[in-house]
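Subject: Structure handover, pockets

Hi,

My notes on its pockets follow.

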Amino acid sequence: MSGDAQISRLKPGRRTDIRRENERAILEAAEKVFAEAGFGGATMQLIADMAGLPKANLHYYFATKEDLYRRVVQQIFEIWLDAASSFDDAPGPVEGIGAYIDAKMDISRRHPHGSKVWASEVMHGAPVIQDYLETTLRDWTEGRIAVIQRWIDEGKMRPVNPRHLLYLLWATTQHYADFGHQIQTLNGGRPLSEAQWKEAKACVKDMVLRGIGAI
């Protein structure tokens with residue numbers, strides 16, 4: 001009996017739990033494989049092996065490799081979107097941008113593979129997710145630009161170009177994921193400790209917020 005057939009015989013609540021756990025394991029494995037091998041080098045069999053599931057189970061959840069890849073990219077972007085919610089209700093850049101830097105650097109620590117997948121895709125001209133960049137990302141960016149411009153108009157920060165400020169924030173916070181190996185090497189071959197992460201976030205916030213005249 002296949003794994004999916006066995007799941008179908010369970011109680012609905014238990015089936016939901018198992019499917020959720022299988023999907024989590026698949027996405028976690030896919031992030032790592034796509035980050036290390038790229039879209040072209042990754043295979044569904046390799047992802048299945050990494051997830052500890054039969055290959056047939058992957059096709060039950062994701063019909064094609066492209067479907068799975070897009071889901072991985074969508075997942076990291078949605079996590080980043082949640083981090084940007086700090087902009088929406090913040091009274092100013094100290095609270096909004098400060099919280100955004102904290103959240104983005106925490107994501108770089110927890111989801112380094114997802115960030116690397118996104119970076120690799122974009123550096124190769126976004127062959128799979130160009131439509132995503134032209135719609136969801138563009139709309140999100142324009143919304144954040146409007147918030148930053150409002151803070152500028154209210155005199156809460158220097159009149160910098162909001163678009164380039166966002167690019168700087170992305171580059172700085174995602175560096176800790178995309179160049180994690182370099183950072184670890186320069187840290188004596190060890191991952192940053194809890195204290196070092198705390199110091200890094202405080203340092204980045206201080207430099208950015210002072211640079212834009214918010215503090």
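Helices (H or I, at least four residues) and strands (E, at least two) are DSSP runs, numbered from the N terminus. This is a predicted model: local features need pLDDT of at least 70, side-chain atom pairs count only at pLDDT 80 or more, and totals for chains, interfaces and linings use all residues. Residues are numbered from 1 along each chain as its sequence is written, and side-chain values use heavy atoms, without hydrogens or water.

A pocket is an open set of points on a 1 Å grid over the protein atoms alone, where a 1.4 Å probe fits, with protein on both sides within 12 Å along at least five of seven lines; lining residues have an atom within 4 Å of a point. Volume is the space filled by probe spheres set on the points, which are joined across faces, edges and corners.

Largest pocket

Its volume is about 400 Å³. It has 18 lining residues, with Trp 80, Trp 118, Val 122, Trp 170 and Gln 174 closest to the centre. H5 (65-83), H7 (93-110), H8 (112-123), H9 (130-153) and H10 (162-178) each supply at least two lining residues. H10 has the largest share, five. By class, the lining has 14 nonpolar (Ala, Val, Leu, Ile, Met, Phe, Trp, Tyr, Cys, Pro), two charged (Asp, Glu, Lys, Arg) and two polar residues (the others, Gly among them).

Second largest pocket

This one is about 280 Å³. Of its 14 lining residues, Tyr 176, Gly 180, Gln 184, Pro 191 and Trp 197 are closest to the centre. H7, H8, H10 and H11 (180-186) give two or more each. H11 gives the most, four. The lining has seven nonpolar, four polar and three charged residues.

Best wishes
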